[in-house]
Amino acid sequence: AVSFALAQSAKLGTFELTVLKTIEETRYLPERMAKDGKIQLKRRDAARKIGQIFVDRASINLHSDMLEYPDFFWEDDEWLHAYTRVSKYLEIERRVEVLNKRLDLIKELFDMLASELHNDHA
């Protein structure tokens, strides 16, 4: 039970680092747009970033077991309490929520940029 919660936390840490890297790589875009009124990004690059955000979000919410109890605990709930306590201590649920909010903000940024780029080319 403890090891499963620790593994979830470690996997979540990897996702958190990926999102932080994306934030750092894109931080200049809204700042540049506010300063110059121009977007220094190609439509194709914006589309790639939006696609990557969907991949990251799907990995966190659909393809991983971050928000579910492992099947093992459904079969034998003797360890469920220990897992729940460690999971709560490691703040897994809260961290997933924060990660999803960050991904939402990044997606909003790229949706806005894609819209601006579309309008520039229209």
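**Figure 1. Salt bridge between R48 and D45 in the predicted model.** R48 is exposed, its relative accessible area being 53%. In this predicted model, the side chain of R48 meets that of D45 in a salt bridge with an N to O distance of 3.8 Å. The two residues lie in helix α3, three positions apart, and are therefore separated by about one helical turn. D45 has a relative accessible area of 30% and so counts as partly exposed. The R48 side of the pair is thus exposed at 53%, whereas the D45 side is partly exposed.

**Figure 2. Salt bridge between E25 and K49.** The closest N and O atoms of E25 and K49 are 3.1 Å apart, and the two residues form a salt bridge. This pair links distant parts of the chain, with E25 placed in helix α1 (residues 2–26) and K49 in helix α3, 24 residues apart. E25 is partly exposed because its relative accessibility is 37%. K49, with a relative accessible area of 26%, is likewise classed as partly exposed. Both residues also belong to a network of salt bridges in which K21, E25 and K49 are linked. Across the whole structure, a search finds nine salt bridges.

**Figure 3. Salt bridge between R32 and D36 within helix α2.** R32 and D36 are joined by a salt bridge in which the closest N and O atoms are 3.6 Å apart. Both residues lie in helix α2, with a spacing of four residues, about one turn of the helix. R32 is partly exposed, at a relative accessible area of 37%. D36 is also partly exposed, with a relative accessible area of 37%.

Figure 4. Q40 is located in the loop between α2 (28–36) and α3 (43–61). Its relative accessible area of 47% is the reason why Q40 counts as partly exposed.

**Figure 5. The buried residue N100 in helix α6.** N100 is found in helix α6, which comprises residues 92–121. With a relative accessible area of 12%, N100 is buried; the limit for this class is under 20%. Residues up to four places away in sequence not being counted, N100 touches R57 and N61.

**Figure 6. Negative surface patch including E75.** The residues E68, D71, E75, D76, D77 and E78 form a negative surface patch. Among them, E75 lies in helix α4, which covers residues 71–75. E75 has a relative accessible area of 69% and is therefore exposed, the threshold for this class being over 50%.

Notes. Residues numbered from 1 in each chain as written. Predicted model: local features only at pLDDT ≥ 70, side-chain atom pairs only at ≥ 80, totals over all residues. Heavy atoms only, no water. Patch = residues over 30% accessible without salt bridge, like charges linked within 9 Å, V, L, I, M, F, W, Y side chains within 5 Å. Areas by Shrake-Rupley, 256 points an atom, 1.4 Å probe, with all protein chains shown as cover. Salt bridge = Lys/Arg side-chain N within 4 Å of Asp/Glu carboxyl O. Lys, Arg positive; Asp, Glu negative; His and termini not counted. Charge placed at Lys NZ, Arg CZ, Asp CG, Glu CD. Buried < 20%, exposed > 50% of the residue type's maximum accessible area, 1.4 Å probe, protein only. Contact = heavy atoms within 4.5 Å.
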